[in-house]
Amino acid sequence: MRELDPAFQAFFQRQAATVRPAPGSLPLSAVRAGYRAQRQGLNANPPAGISVRDLVISRDAGQLVVRLYDPGVRVLSGLLVYFHGGGFVIGDLESHDAHCRRLASAAGCKVLAVDYRLAPEHPFPAAHDDAVWATRWAFDHAAELEIDPGRIAVGGDSAGGNLAASVAVGLIGDPSRRLAFQLLLYPGLWPEEETTSRRELDGPVLTRAGLAWFDQCLKAQGHPQVHRLNLERADVIGAPPGLIVTAGFDPLKDEGRDYAVRLREAGVAVQHIEYQSLPHDFFVMADISPAVFSAVAEIAGILQSALADGACRRFNDATVEK
């Protein structure tokens with residue numbers, strides 16, 4: 001029987017004494033501020049030496065803020081276009097700042113974090129539109145960003161993993177913007193039928209009530225473009241190779257595993273790693289357990305290899321449980 005990482009177990013036991021309001025019962029601004037503050041407090045020791053600058057880029061639907069992390073690469077770098085998690089409702093550049101710094105440092109590549117629009121103010125498909133547009137912008141401004149357009153990847157965690165996967169599918173037919181890699185960290189793929197893990201796991205981070213609230217805010221079901229969210233039936237032939245990371249104590253773990261199988265069946269080279277003792281959202285709670293730093297090092301190493309100049313982007317198509 002798998003057991004939760006002892007450090008996380010102790011953290012959640014301490015947290016259990018605190019009354020947690022029902023999702024949607026607090027003002028949205030308070031929920032967002034609380035999530036940001038908690039994740040910053042649990043991920044307060046990012047690596048030094050990362051140059052960071054915010055860019056405001058214009059588009060037809062208005063302005064979009066992106067944050068560029070540069071680990072000091074002296075030659076043309078690979079780039080990871082990154083989308084934060086938070087159910088499309090919470091999370092922002094600040095909640096995931098330390099996480100992006102750590103990825104840039106450990107993988108030795110630039111990271112472009114996208115401050116996409118959030119629901120319910122901007123319901124589906126606003127975030128998906130922003131994600132596609134920001135990725136296209138990165139390709140079109142590769143010289144300005146001092147990156148190699150042949151070594152651009154997309155990545156994200158949770159809802160951000162959905163955005164990354166959706167972008168990877170959406171750009172399959174674009175010969176001028178060929179993604180090199182997709183990094184999906186405990187992605188939410190919004191399956192049409194409830195998976196076993198969604199049915200049986202309720203917490204310790206992501207709860208059934210929380211998932212239902214995110215769905216209510218997103219207002220995606222019934223939309224004519226809902227296929228961009230429900231990726232289990234997407235045509236993934238020709239998608240870039242990738243890495244899917246799942247967590248043992250996460251309701252989303254089965255859909256991540258199933259998507260890895262779907263990619264493999266379509267001939268896409270993909271590796272799936274499950275950290276059996278870790279919970280959802282563990283990458284942005286790094287200060288709780290040394291196990292997170294070990295996972296970051298492993299994931300960043302795979303990303304670095306995938307974006308290496310002239311890399312043979314092939315992977316052992318297997319699920320690894322750790």
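Trp190 sits in the loop between strand E6 (181–185) and helix H7 (196–200); helices (H or I, at least four residues) and strands (E, at least two) are DSSP runs, numbered from the N terminus. The structure is a predicted model, in which local features need pLDDT of at least 70 and side-chain atom pairs count only at pLDDT 80 or more, while totals for chains, interfaces and linings use all residues. Residues are numbered from 1 along each chain as its sequence is written, and side-chain values use heavy atoms, with hydrogens and water left out.

What makes the phi of Trp190 worth a look? Phi is near 50°, a positive value in a residue other than glycine. Most residues other than glycine have a negative phi, and most peptide bonds are trans. Cis peptide bonds join Ala119 to Pro120, with omega about 5°, and Phe124 to Pro125, with omega about 10°. Pro120 lies in the loop between E4 and H4, and Pro125 is found in the loop between E4 and H4 as well.

Next come the helices. Helix H4 (residues 126–140) and helix H6 (residues 159–170) pack at an angle of about 60°, their axes being 9 Å apart. Here axes are lines fitted to C-alpha atoms, for helices over the stretch in contact, and angles run from 0 to 180 degrees between N-to-C directions. H4 and H6 are therefore oblique to each other (under 35 degrees counts as roughly parallel, over 145 as roughly antiparallel, 65 to 115 as roughly perpendicular and the rest as oblique). The contact (heavy atoms within 4.5 Å) involves Ala127, His128, Ala131, Val132 and Thr135 of H4, together with Asn162, Leu163, Ser166 and Val167 of H6.

Finally, there is the open space. The largest pocket holds about 920 Å³. On a 1 Å grid over the protein atoms alone, a pocket is an open set of points with protein on both sides within 12 Å along at least five of seven lines, and lining residues have an atom within 4 Å of a point. Grid points are joined across faces, edges and corners, and a volume is the space filled by probe spheres set on the points. Of the 36 residues lining the largest pocket, Arg20, Val31, Tyr35, Ile90 and Val205 are the closest to its centre. Helix H1 (6–15), helix H2 (28–41) and helix H8 (208–218) each supply at least two residues of this lining, and H2 gives the most, with six residues.

Definitions and conventions
1 Å grid on protein atoms, 1.4 Å probe; cavity = no way out; pocket = protein on both sides within 12 Å on 5 of 7 lines; lining within 4 Å.
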